[in-house]
Each structure stands twice: as structure tokens, then as C-alpha cells.
Amino acid sequence: MQTRSSYKRYREHETSEGRKRPLRCRAQPPVQGHSTPLEVNSQPLVITATTLLDTEHKEKCVHGLFVALPTEILHSLFGLLDLSELGQLALVSKGLNQAVEEYIYTHSGHRRVIPAASSGGDDGVNPLDFRKLGFLLKRVTAFRSLKYQLKTASFFLNKLKPVHCKICEVKGTSTSYHCFGELLNSYTAGWDEYKKIRAYSLVVSVAKLDERTNKVLSRAPESFPWHEQDIRLFHRLIFLIPAKSDVDYGFWLTQILKPWPITFQARLLYLLTAPEDSRGCVSWTQVCGCSNVQHSSGSVDFREVARALWILRTCRCKDWSQDDIISIFDELTSTPNSWCLENVAQLLMLSGSEVTHGVLGSRAISGRVEELSVLLYYLAHACVSADEKMKCSDAGHLKWFTCVMRHVFALLPSAKDKRSLSTKLMATWQNYLTALFEENELDGDESEHEEIKEEFCTALTSLTNLSAVLAEMVVDVTQSEP
């Protein structure tokens with residue numbers, strides 16, 4: 001006890017004399033910006049105002065040099081920044097991230113963020129503001145859990161509902177959905193598939209889209225044209241069109257289609273990707289009728305439908321087997337009624353080898369020779385027309401058709417079926433050419449004569465190019481017989 005009291009008196013004496021303890025030195029703030037030299041462990045130390053701020057307020061200061069500012073002034077400064085700059089500021093430190101998050105939830109923050117994102121007056125709507133808002137929310141919630149990120153998204157989606165209504169009144173539904181698509185894709189950029197699935201479920205639930213979709217798909221096509229158009233615009237402008245790659249497109253399309261049965265999947269796929277008519281609605285009946293034999297190919301644009309089928313089969317093969325694609329294709333080409341076979345062949349040619357081999361191969365295995373002969377005829381006609389339209393000197397589409405023919409012949413169960421397919425395919429060509437010749441004699445219009453002549457030349461060209469392939473296949477079949 002005596003030793004401790006002596007040591008205590010010694011330390012009090014040292015302190016009263018003004019001597020500083022080396023390892024716990026403190027200095028008064030410098031006057032008018034001058035530094036204060038100190039010696040710590042016999043080494044000179046220069047302490048500036050920034051050093052003092054970092055040392056004396058280390059535990060209290062989480063906003064850096066903003067510590068001296070009241071919250072009201074800090075929020076006023078935030079209000080002067082652009083949304084992209086505010087998002088970058090939120091990534092500087094955890095403390096500033098917290099301060100920016102507190103700001104966007106205040107009344108002044110709502111007025112700064114949401115009206116800037118909407119631009120919902122008569123001056124127009126800028127989708128770039130929605131994209132900036134998405135990046136701001138992404139950066140503010142970058143260090144939070146997925147549950148909190150989805151909660152933030154739900155909060156601001158509900159806050160933006162009046163903005164959606166206002167934009168719809170001023171500029172239309174398509175403009176509003178386009179803006180919200182920019183918001184969603186910027187907010188979910190870089191997320192993995194699990195997070196995007198949760199985000200998709202959130203958006204659909206907030207929009208209450210499942211009820212309308214079920215209502216539309218449960219009735220005949222064109223029963224609710226306004227709902228059909230709304231569902232089409234919603235999915236296309238928010239998810240499909242903003243997709244940066246085929247992989248992203250396939251992911252969002254899978255989320256849209258998978259919850260429904262096969263029949264609904266086919267109808268929904270056509271609803272989302274089919275061409276529009278002059279009214280801006282999906283044309284359901286245009287694909288079903290072929291009024292005459294020489295119905296010109298390419299009258300309906302199936303490129304986006306074919307691209308969707310190709311992406312599902314190639315980029316999302318883990319979710320869609322070949323049997324799934326075949327089932328969807330069969331349902332698709334019988335909606336609302338059976339399609340014209342020329343339109344079916346046009347869709348097959350645009351869908352690529354994976355889809356074509358699967359669809360025609362399933363018919364070959366089941367021995368549906370009659371249907372195969374007509375489909376292959378129209379497919380050859382579409383390939384020759386595509387080569388002529390594109391002025392392909394190497395006949396690339398016709399070479400592709402030759403590969404398809406070989407694949408189909410290899411899958412036919414017997415040599416009898418192979419000979420039968422060759423015979424019926426040639427008979428189909430003969431009937432087609434005969435019908436063209438007869439119609440040319442009956443019709444007196446010169447313009448119609450020219451169109452029929454072009455059709456006749458196309459059919460003759462395709463038949464000439466295909467004859468050698470068929471002859472070679474028949475020889476192979478004959479030689480393979482015992």
C-alpha cells in the first residue's frame with residue numbers, strides 16, 4: 001500500500017509539473033491552421049486538424065468531416081446532389097451510407113428522390129431518372145441482407161404507384177412500364193438467379209398480375225383484349241426487352257412461363273412474342289388460315305417467337321427439356337386453331353436446328369409420314385425463298401434443310417416408311433405445281449400471273465435441288481435392306 005501511494009504521489013507530481021506521458025500524449029488544437037510538434041517515444045509528431053479529428057472523435061465521428069454539420073444541413077447538402085452522386089456518396093463509408101439511407105426515407109428525401117425519378121409532368125418522362133433511382137437504392141442497400149433489399153424495393157414501388165398512374169394518364173402505359181423496367185434492371189444488376197427470382201415474385205405480387213393472367217389464359221383468345229395488351233406490355237417492357245443478353249432473356253422468360261401448365265405456357269409465349277396487328281393487339285387468327293395453295297411465305301413475322309423457343313432450348317436447357325419444347329411447340333401451333341402448315345414450317349426454319357430436329361424427329365419416330373411430307377415440302381419452299389431473298393450464292397438454308405432431311409430419315413422406324421416419305425414428298429410437289437398451273441390458266445390478271453410464275457419457279461428450283469438428295473437417300477435405304 002505504501003508503494004502504491006508513493007507511486008501515485010509521484011505521478012501527480014509529474015503531471016502538476018506539466019510533463020506529458022509519452023504514450024498518451026494529447027495536444028490542444030492548433031491555432032489558425034498551425035501544427036503542434038510533439039515528441040512521442042523520442043520521435044517528432046505533427047498533429048494537424050484532420051489528425052485531431054481522427055483521434056479525438058474516432059468513436060463519435062462516422063461521417064468524416066461532416067461530423068460538425070447538423071442533420072438538417074447535411075440533408076440540405078444531399079438534396080443538392082444528383083441521384084447518381086448521392087449513390088456514390090453512399091458507398092464511401094458505412095456511416096455515410098447510413099446517413100443517405102436516413103435521408104431518402106425523410107419527407108424531403110421523398111420529394112427529392114421520387115419526383116426526380118418520375119418527372120411526371122407535362123414536360124415528359126425521362127427513363128434515365130428511374131435508372132438513377134434504381135442504382136441509388138442498390139448502393140444504399142449494398143451492405144444489407146436480401147430480405148432488407150426486397151423490403152426497400154417494396155416500399156418504393158408502393159410509393160411510386162401514384163407516379164405510375166400519372167405517367168399512364170399523360171404518356172400511356174407503355175412509357176410507364178418502360179420506366180419501371182429501367183428501375184428494376186438497374187436495381188437487380190449483378191444479382192444472382194436466386195435473388196432475381198425473389199425480385200420477380202415481389203414485382204408480380206405488387207402488380208397483382210397473376211389474377212389477370214389467369215383470367216386471360218382461362219378464356220378464349222381475344223376475350224379480354226385490353227388485359228392481353230397490358231400483360232404483354234408489362235412483361236416485355238419490364239423484363240424481356242431490357243435484358244442485356246440471351247441468358248438474361250431466357251431467365252426472365254422462364255420465370256414468366258414456368259408457374260403455368262403447358263397449355264397456358266404456349267398461349268402466354270405467343271402472347272408475349274407474337275407480332276401485333278394494326279390495332280396494337282396480338283393477331284391470333286392470322287396464322288391459322290391459308291386461303292390458297294400458293295400462299296406466300298413470310299406473311300407473318302415469327303422471328304421473335306422463334307428466338308424465344310431457341311433461347312429456351314439452348315440457353316435454359318436445364319429448365320426446359322426437348323420434350324417440353326416439343327409440347328409447347330405442338331400447343332403453340334394449334335392455338336387458337338391448327339396453324340397453316342406453311343406458317344409451321346416458317347417457324348421451324350427460324351427456330352434453328354435444335355427445335356426443328358426435336359419437332360420433326362418426334363413425328364418421324366411416331367411414323368406420321370403424311371404430316372412429315374407436307375411439313376418438309378413447305379420447309380424446303382421456305383428455305384429456297386429465304387436464300388433468294390437474302391441472295392445467298394451458297395444456298396445456306398437449303399443445305400440446312402438437307403441436314404434436316406437426313407436427320408428425319410435416320411429416325412424413321414423402317415425402310416418402308418423412308419420410301420413412303422420420299423414418294424409422298426414428291427407427290428406433294430407434283431400437286432403443288434399442278435395447282436399453280438391450273439390457277440394460272442383460270443386467272444386473267446397479269447399481276448397474278450407474275451406472282452404465280454415466281455411461285456412456280458421457286459417450287460421448281462427447290463424440287464431440282466432436292467432431287468439429288470432424295471435419290472441419294474433412297475439408294476442408301478435400298479442398300480441397307482437385307
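A search of the whole structure, which is a predicted model, finds 17 aromatic pairs; rings of Phe, Tyr and Trp (its six-membered ring) count as a pair if their centres lie within 6.5 Å, and planes under 30 degrees apart are called stacked, over 60 edge-to-face and the rest tilted. One of these pairs joins Y177 and F234, whose ring centres are 5.4 Å apart with planes at 85°, so the pair is edge-to-face. Y177 belongs to helix 10 (residues 173-187) and F234 to helix 13 (residues 225-240), so this pair ties together parts that are 57 residues apart in sequence. Helices here are DSSP runs of H or I with at least four residues, strands are runs of E with at least two, and both are numbered from the N terminus. Both Y177 and F234 are buried, meaning under 20% relative accessible area, with exposed set at over 50% and partly exposed in between (1.4 Å probe, protein chains only).

F251 and W252 also form an edge-to-face pair, at 5.1 Å centre to centre and 70° between the planes. F251 is buried, with a relative accessible area of 3%, and W252 is buried with a value of 3%. Ring pairs link Y177, Y200, F234, F239, F251 and W252 into a cluster.

Charged side chains also meet rings. The charged end of R307 sits over the ring of Y249, 4.3 Å from its centre, and that of K195 sits over the ring of W191, at 5.9 Å; the criterion is NZ of Lys or CZ of Arg within 6 Å of the ring centre and within 35 degrees of the ring normal.

Turning to S283, this residue lies in the loop between helix 15 (262-273) and helix 16 (303-314). S283 is buried, with a relative accessible area of 10%. Its side chain makes a polar contact with the side chain of Q286 at 3.3 Å (a pair of N or O atoms within 3.5 Å; within protein, one must be able to donate a hydrogen and the other to accept it, and residues adjacent in sequence count only if both atoms are side-chain atoms). Leaving aside neighbours within four places in sequence, S283 is in contact (heavy atoms within 4.5 Å) with Y270, P275 and D277.

For the protein overall, there are 23 helices and two strands, and buried residues make up 42% of the 482 residues.

Residues are numbered from 1 along each chain as its sequence is written, and side-chain values use heavy atoms, leaving out hydrogens and water. In this predicted model, local features need pLDDT of at least 70 and side-chain atom pairs count only at pLDDT 80 or more, whereas totals for chains, interfaces and linings use all residues.
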